[in-house]
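User: Hi! I am new to protein structures and would like to learn how to read a few features. Could you walk me through them?

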Amino acid sequence: MRAELAIGMLPRTLMQIMALVLRVCLGAYFTYSGGVKIFVTGLSKFTEAVGNYRIVGAPWDAVAAYTVPWVEIVAGVCLILGVLRRGALLAVGGMVSVFSGAVGYAWSQNLNIACGCQGGDNPMDYRWKALELGILAAVVVFLWFAERKRSADAREVNGAAQTRR
């Protein structure tokens, strides 16, 4: 029975394969992004970038800047490894949503600021950033529904295995 369950959990359809590839890529993106903020550019530079959005002031800009990169890394690693998938997707979806709001606010205020995402100093091109965030949101939504389907399929496999006993 254990072999049946393990084989039943392997990706069998194009949707499952796409979900696996997108999940690992999304996880790698967020792991890299958080790692750059912590280990390359430093959290003080990211705190400055968060403050440039003029949404939260001190000390909340530092709280966000010192928390978000670690959440990115943990959620990214969870997506790569396939553990706590729904929680990781909720965290990533929440970060994409909040950042989309922050970018929209900065765009509406005509702020000429760097994104702060991967530590660059170049001013943000709002159109490209909106496209990037739209793609990230679409990937998160696709993965959420793929995860729900995977969970439903697993329940069917488990239910069928229990009725055979």
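This is a predicted model: local features need pLDDT of at least 70, side-chain atom pairs count only at pLDDT 80 or more; totals for chains, interfaces and linings use all residues.

User: Which residue does the side chain of E147 meet in a salt bridge?

Analyst: In general, you look for a side-chain nitrogen of Lys or Arg within 4 Å of a carboxyl oxygen of Asp or Glu. Here the partner of E147 is R85, at 3.5 Å from N to O.

User: How many salt bridges does a search of the whole structure find?

Analyst: The search finds 4. Another one of them joins K45 and D121, with 2.5 Å from N to O. K45 belongs to helix α3 (residues 43-52), while D121 lies in the loop between α5 (85-108) and α6 (126-163). The two residues are 76 residues apart, and the pair links distant parts of the chain.

User: What about the salt bridge of E132 and K129?

Analyst: Those side chains meet at 2.8 Å, N to O. When you read a pair like this, check where each residue sits in the sequence. E132 and K129 are 3 residues apart in helix α6, so about one helical turn separates them. E132 is partly exposed, as its relative accessible area is 25%, whereas K129 is buried, with 8%.

User: Which residues does K129 touch, leaving out those up to four places away in sequence?

Analyst: Here you look for heavy atoms within 4.5 Å. K129 touches F99, V103, C115, C117 and M124. The side chain of K129 also makes a polar contact with the side chain of E132, at 2.8 Å.

User: Now for the nonpolar core. How many residues does the largest one have?

Analyst: To find a core, you look for buried nonpolar residues joined through their side-chain atoms. The largest one here has 28 residues, and L26, Y53 and V92 have the most contacts inside it. Helices α2 (14-40), α4 (60-81), α5 and α6 each supply at least two residues of this core. The largest share, 9 residues, comes from α5.

User: What does V92 touch, not counting residues up to four places away in sequence?

Analyst: V92 touches L26, F30, A75, L79 and V140. You can pick out V92 in the structure and look for these partners.

User: Finally, how do I read the chain as a whole?

Analyst: Start by counting the elements: the chain has 6 helices and 0 strands. Next, ask how much is covered. Of the 165 residues, 37% count as buried. Last, consider the contacts with a separation of 6 or more: residues 24 or more positions apart account for 67% of them.

Technical notes
Residues are numbered from 1 along each chain as its sequence is written. Side-chain values use heavy atoms; hydrogens and water are left out. Helices (H or I, at least four residues) and strands (E, at least two) are DSSP runs, numbered from the N terminus. Buried means under 20% relative accessible area, exposed over 50%, partly exposed in between (1.4 Å probe, protein chains only). A nonpolar core is a set of buried Ala, Val, Leu, Ile, Met, Phe, Trp, Tyr and Cys residues joined through side-chain atoms within 4.5 Å. A polar contact is a pair of N or O atoms within 3.5 Å; within protein, one must be able to donate a hydrogen and the other to accept it, and residues adjacent in sequence count only if both atoms are side-chain atoms.
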